[in-house]
Each structure stands twice: as structure tokens, then as C-alpha cells.
Amino acid sequence: METITNNITAKNIKNKMQNNEDFILVNTLSKKSFCAKHIPGSINMPVSEIKEYAEKVLPDKSQQLIVYCANSSCTKSVDALKVFEELGYQNVKHFPEGLAGWRKEGYVLSEVDASVKDEC
């Protein structure tokens, strides 16, 4: 696997959250996986949907995006990073440890609210 130079850690992300920094966390897993567990505040955009929906959902290509998936052996976030960059997004970071790394740091994962669970 190639080396990604713009990696970010769970602690860095948590600090950004606590400082109310302007960024968007993008979960690149399937909708079903996102509904089951995701980092609080993240949006779901599976890799297969990025080309179709990114520019509608994320029109500001200078906005900082942080992509993640399940764990360091999951490649969906690496694939997503490449697609976002191909589409012209200029500030995409990669959180390689994903859900497993978030949980390892002791941070809480969210599930989709019961009121929208049937959409999953």
C-alpha cells in the first residue's frame, strides 16, 4: 500500500472537535455500517457514491475533509481520498485507523438515531 502523507490521528480530530474547527468527517463505509457505528458528527459517503454526490453535498472544494473507514487495513478511505483529490478537493486528510483507532483512544462511537433507523 502506498504511503499517505496527509494522515491525521484520533487525538488531532478530537482536538479539532473540541476547538470547533471547521472540517467535515467523511465515513466511507456502506450506509448499513455507518448506521451501526460512526464517529460523532461525521457524514456518510461510500466510495462508490463520491463522484455522484460529492459536489452536491460538499460544494466547497477548499473545505477540510477527513476521510475514514473501519481500521488501518480497510482501503475504502484511501480510495475515497484519491477520488476527492481527482475531483479537485484541495484539503483532504486521511484518518487511517478509522473506527478501531477512535475506539482504541477511548472515544465514543455513535449510531443512527432510532427515528431514522429504518432508512438504513
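The structure holds one disulfide, the term being used for a pair of cysteine sulfur atoms within 2.5 Å. This is a predicted model in which local features need pLDDT of at least 70 and side-chain atom pairs count only at pLDDT 80 or more, while totals for chains, interfaces and linings use all residues. Residues are numbered from 1 along each chain as its sequence is written, and side-chain values use heavy atoms, with hydrogens and water left out.

**Disulfide**

- Cys 69 is joined to Cys 74, with an S to S distance of 2.5 Å.
- The disulfide is left-handed because the torsion about the S-S bond of Cys 69 and Cys 74 is about -140 degrees.
- Cys 69 is buried at 0% relative accessibility, and Cys 74 is buried at 15%; buried means under 20% relative accessible area, exposed over 50% and partly exposed in between (1.4 Å probe, protein chains only).

**Aromatic pairs**

- Rings of Phe, Tyr and Trp (its six-membered ring) pair if their centres lie within 6.5 Å, and planes under 30 degrees apart count as stacked, over 60 as edge-to-face and the rest as tilted.
- By this rule there are three aromatic pairs.
- One of them is the edge-to-face pair of Phe 95 and Trp 102, at 6.5 Å centre to centre and 75 degrees between the planes.
- Another is the tilted pair of Trp 102 and Tyr 107, at 4.7 Å and 55 degrees.
- Trp 102 is buried, with a relative accessible area of 1%, and Tyr 107 is buried at 18% relative accessibility.

**Charges over rings**

- Lys 16 lies over the face of Phe 23, 5.9 Å from the ring centre (the criterion is NZ of Lys or CZ of Arg within 6 Å of the ring centre and within 35 degrees of the ring normal).
- The charged end of Lys 61 is placed over the ring of Tyr 89, 5.5 Å from its centre.
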